[in-house]
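Please look over the sequence and the model shown below before reading on. The paragraphs that follow go from the overall layout to the individual contacts, and end with some details of the backbone.

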Amino acid sequence: MARKRKKKKRNYQIPISQVRPLKMRGPRYYLKHAREYPILGCWIYAQWKTSGIAPVVVAREQPNNRVVIGVCLIDSWCLGIKNAYAKVDASPNLFKRKLPQMCSDDPQKVSVEFAHDFIYGAKEYAEKYGFEPHKDFTKLMVNKVLDPPDMHPRSNAIEFGKDGKPFYASGPNDDERKINHIIRTLKRTAGEGNYDILIKIGPPPGFDEF
């Protein structure tokens, strides 16, 4: 009698080397590709000329009709990019509601060229005096929401510094160590008498108790 041949079970498993990983489109993905998305608009705190400190907002439209946002806090008188953060996957309605808050309740729409001129110009002015942009500008990839520095022509119409020289006004979060570091840097890079400072003094400890 002829023996029945056992049917070999076919192996339908796909080799691991042929498995394609799923594309995860999270915050880092959208930030990494932000320059590929069209710019929705740019806004700045309307009182930037007199305040010396101004948030600048750059918003782009993600492929899924959501919004990616980059915000830079600019010290145009001395420190350049003082802070920065980014947000992705925001709904258009949420962005519209939050825009005034992001611009200190006084947003003014500006051209794409002006926004980049202001941010990069302040950054370069600060670097000339030894101040690097806030680490989150690159660490959180806020810089990816902006166009490259050489993409838009510079107007050279924005005046950085105050009265022709750096002017540092201490902020509420600037402790004594930071203030001293900034002053030492200005002495070294600008030279004695070529900068102005304003140290804001708060109430003495326990003042609120009275």
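**A guided reading of the model**

Lys 144 counts as partly exposed because its relative accessibility is 30%, where partly exposed is the class between buried (under 20% relative accessible area) and exposed (over 50%), judged with a 1.4 Å probe and protein chains only. The model is a predicted one, in which local features need pLDDT of at least 70 and side-chain atom pairs count only at pLDDT 80 or more, whereas totals for chains, interfaces and linings use all residues. Residues are numbered from 1 along each chain as its sequence is written, and side-chain values use heavy atoms, with hydrogens and water left out.

The protein chain has 6 helices and 7 strands, helices being DSSP runs of H or I with at least four residues and strands runs of E with at least two, both numbered from the N terminus. Along the sequence these elements follow the pattern α-β-α-β-β-β-α-β-α-α-β-α-β. Of the 210 residues in the protein chain, 39% are buried.

The residue named at the outset, Lys 144, sits in the loop between α5 (136-139) and β6 (167-169). On the surface, Lys 144 gathers with Arg 28, Lys 32 and Arg 35 in a patch of positive charge. Such patches are made of residues with over 30% relative accessible area and no salt bridge, with like charges joined within 9 Å and nonpolar side chains (Val, Leu, Ile, Met, Phe, Trp, Tyr) within 5 Å. Lys and Arg count as positive and Asp and Glu as negative, while His and the chain ends are not counted; the place of a charge is taken as NZ of Lys, CZ of Arg, CG of Asp or CD of Glu. The accessible areas themselves come from the Shrake-Rupley method with a 1.4 Å probe, and for residues only the protein chains shown count as cover.

In one of them Asp 147 joins Arg 60, with 2.6 Å between the closest N and O atoms. This pair links distant parts of the chain, since Asp 147 belongs to the loop between α5 and β6 and Arg 60 to strand β2 (residues 53-61), 87 residues apart. Both Asp 147 and Arg 60 are buried. A further salt bridge joins Asp 196 and Lys 165 at 3.7 Å, N to O, and this pair too links distant parts of the chain, with Asp 196 in strand β7 (residues 196-198) and Lys 165 in the loop between α5 and β6, 31 residues apart. Asp 196 is partly exposed because its relative accessible area is 28%, and Lys 165 is placed in the partly exposed class because its relative accessibility is 24%. Asp 174 and Lys 178 form another salt bridge, with the closest N and O atoms 3.2 Å apart; Asp 174 counts as buried at 12% relative accessibility, whereas Lys 178 is partly exposed at 35%.

The structure holds 10 aromatic pairs, a pair being two rings of Phe, Tyr or Trp (its six-membered ring) with centres within 6.5 Å, called stacked if the planes are under 30 degrees apart, edge-to-face if over 60 and tilted for the rest. Phe 114 and Phe 118 form a stacked pair, 5.9 Å centre to centre with 10° between the planes. Because they are 4 residues apart in helix α4 (residues 112-128), Phe 114 and Phe 118 are separated by about one helical turn. Phe 114 counts as partly exposed at 21% relative accessibility, while Phe 118 counts as buried at 1%. Ring pairs link Phe 114 and Phe 118 with Trp 48, Tyr 125, Tyr 129 and Phe 160 into a cluster.

Helix α4 is also the place of Glu 127, which counts as partly exposed at 30% relative accessibility. Glu 127 and Gly 80 are 47 residues apart in sequence, yet 7.8 Å apart in space, C-alpha to C-alpha.

Most residues other than glycine have a negative phi. Asn 65, which is not a glycine, has a positive phi of about 65°; Asn 65 lies in the loop between β2 and β3 (67-75) and counts as exposed at 53% relative accessibility. Asn 156 likewise has a positive phi, near 60°, and is placed in the loop between α5 and β6, where Asn 156 is exposed with a relative accessible area of 72%.

Technical notes:
Salt bridge = Lys/Arg side-chain N within 4 Å of Asp/Glu carboxyl O.
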